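Thank you all for coming; I would like to walk you slowly through one structure this morning. Please look at the display first, and then we can go through its parts together.

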Amino acid sequence: MLLNGERVRLDKEQSLYDFLRGLDYNIDRIAVELNYEIIPREKFREVVLTEADVMEVVTFMGGG
Amino acid sequence: MEDKLVIGGHSFNSRFILGSGKFSLEMTEKVIKNGGVEMATLALRRANVGGSENILDYMPEGITLLPNTSGARNADEAVRIARLARAVGCGDFVKIEVVHDSRYLLPDNYETVKATEILAKEGFIVMPYMYPDLNAARDMVNAGAAAVMPLAAPIGSNKGLSTRDFIKILVDEIDVPIIVDAGIGRPSQACEAMEMGVDAIMANTAVATASDVGLMASAFRLAIEAGRKAYLAGLGRVLEYKAEASSPLTGFLRD
């Protein structure tokens with residue numbers, strides 16, 4: 001799958017939540033767009049990822 | 001009498017909006033405190049690694065966050081960024097910023113109006129960054145903008161109130177808050193804009209590139225407060241020629 005423009009291999013079938021926790025993301029500080037659709041945080045555990053997914057994970061940084 | 005800045009139904013005592021770019025994370029809190037800041041902008045970026053430091057951890061409790069759509073080159077991209085920003089979960093405010101000119105970084109008013117309309121309908125409190133043009137400002141207000149943010153000079157230039165006369169037209173004609181954003185380089189320029197009747201100042205580079213950023217944040221706070229008070233007081237009139245004595249001319253020396 002594609003994560004922020006980089007190709008990433010999914011080792012096993014897993015939920016979006018487990019995938020993000022596996023990469024040490026702080027769930028409360030990010031937003032996720034999966035295949036150009038925003039996934040609300042409450043749904044992270046329900047969504048199962050596939051190799052064809054295109055994912056963006058974003059957070060805030062300083063900016064004017 | 002209380003003098004509050006009201007944007008989209010939220011009221012603020014401070015009229016100094018801080019852009020949070022170009023500071024070390026450790027300085028953010030001090031700048032906000034010294035500036036008396038109650039609203040600060042943020043930008044959205046890809047989170048490539050987990051576990052790293054996050055600016056949200058450095059934002060004091062109670063501060064209103066104003067995510068921007070920096071990086072957007074058209075209305076659709078601005079809408080996409082705004083929705084993602086809201087999904088992070090920091091409220092409904094958004095500063096729309098649509099720029100596709102990489103040399104002068106001037107905002108595209110036309111695309112900004114389009115994004116304003118879409119996002120206002122989705123319940124965002126929309127604050128569009130704009131080139132100070134009366135017709136565009138009216139379109140933004142009609143599209144649902146809660147404030148307009150005209151530029152004083154190109155972003156990051158610190159050149160001051162280059163667009164003074166056109167911002168004054170907005171002050172006279174537009175009923176939502178006018179927040180001068182971009183280009184203000186010195187506290188005196190912020191003060192002058194406030195004296196003209198703008199409702200708030202947004203600054204980032206002017207503070208971030210000062211030698212002592214904490215002290216400069218205090219200076220901006222004082223200047224903005226001074227300008228606001230001067231505006232409320234009503235500036236004294238200007239005599240175009242001749243003079244008028246401030247002391248009574250009793251003339252006793254000549255009687």
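This is a predicted model: local features need pLDDT of at least 70, side-chain atom pairs count only at pLDDT 80 or more; totals for chains, interfaces and linings use all residues.

Asn4(A) has a positive phi of about 50 degrees, although it is not a glycine. Most residues other than glycine have a negative phi. As for its surroundings, Asn4(A) counts as partly exposed because it has 14 C-beta neighbours inside 10 Å.

A second case of this kind is in chain B, where Lys242(B), also not a glycine, has a positive phi near 65 degrees, and this residue lies in the segment after helix H8, which spans 213-233. Is Lys242(B) buried or exposed? It is exposed, because there are 5 other C-beta atoms within 10 Å.

Let me turn to where the chains meet, with 20 residues of chain A in contact with 26 residues of chain B. On the chain A side, the largest share, seven residues, comes from strand S5(A), and by class that side has ten nonpolar, six polar and four charged residues. S5(A) also pairs with strand S4 of chain B, residues 39-46, in the antiparallel sense and over five bridges; within that pairing, Gly62(A) has Leu42(B) as its bridge partner.

Staying in chain B, consider helix H1, residues 25-35, whose buried residues are Thr28(B), Val31(B), Ile32(B) and Gly35(B). Viewed down the axis of H1(B), these buried residues fall within an arc of 100 degrees, so they line one face of the helix. Their cover includes strand S3, S4, helix H7 and H8 of chain B, and after H1(B) comes Gly36(B), with a positive phi near 60 degrees.

Finally, the largest nonpolar core has 93 residues, and those touching the most other members are Val126(B), Met127(B), Ala190(B), Ala193(B), Ile201(B) and Phe220(B). Helix H2 of chain B, residues 75-88, gives the most to this core, with eight residues. If you follow Met127(B) and leave aside its neighbours within four places in sequence, its contacts include Ile7(B), Leu66(B), Phe93(B) and Met149(B).

Technical notes
Residues are numbered from 1 along each chain as its sequence is written. Chains are lettered from A and ligands numbered from 1 in the order in which they are written. A nonpolar core is a set of buried Ala, Val, Leu, Ile, Met, Phe, Trp, Tyr and Cys residues joined through C-beta atoms within 7 Å. A residue is buried if 20 or more other C-beta atoms lie within 10 Å of its own, exposed if 12 or fewer, and partly exposed in between; C-beta atoms are placed from the backbone. Helices (H or I, at least four residues) and strands (E, at least two) are DSSP runs, numbered from the N terminus. Two residues are in contact if their C-beta atoms, placed from the backbone, lie within 7 Å. Ala, Val, Leu, Ile, Met, Phe, Trp, Tyr, Cys and Pro count as nonpolar, Asp, Glu, Lys and Arg as charged, and the others, Gly among them, as polar. Two strands pair if DSSP finds at least two bridges between them. The arc is that of the directions from the helix axis to the C-beta atoms.
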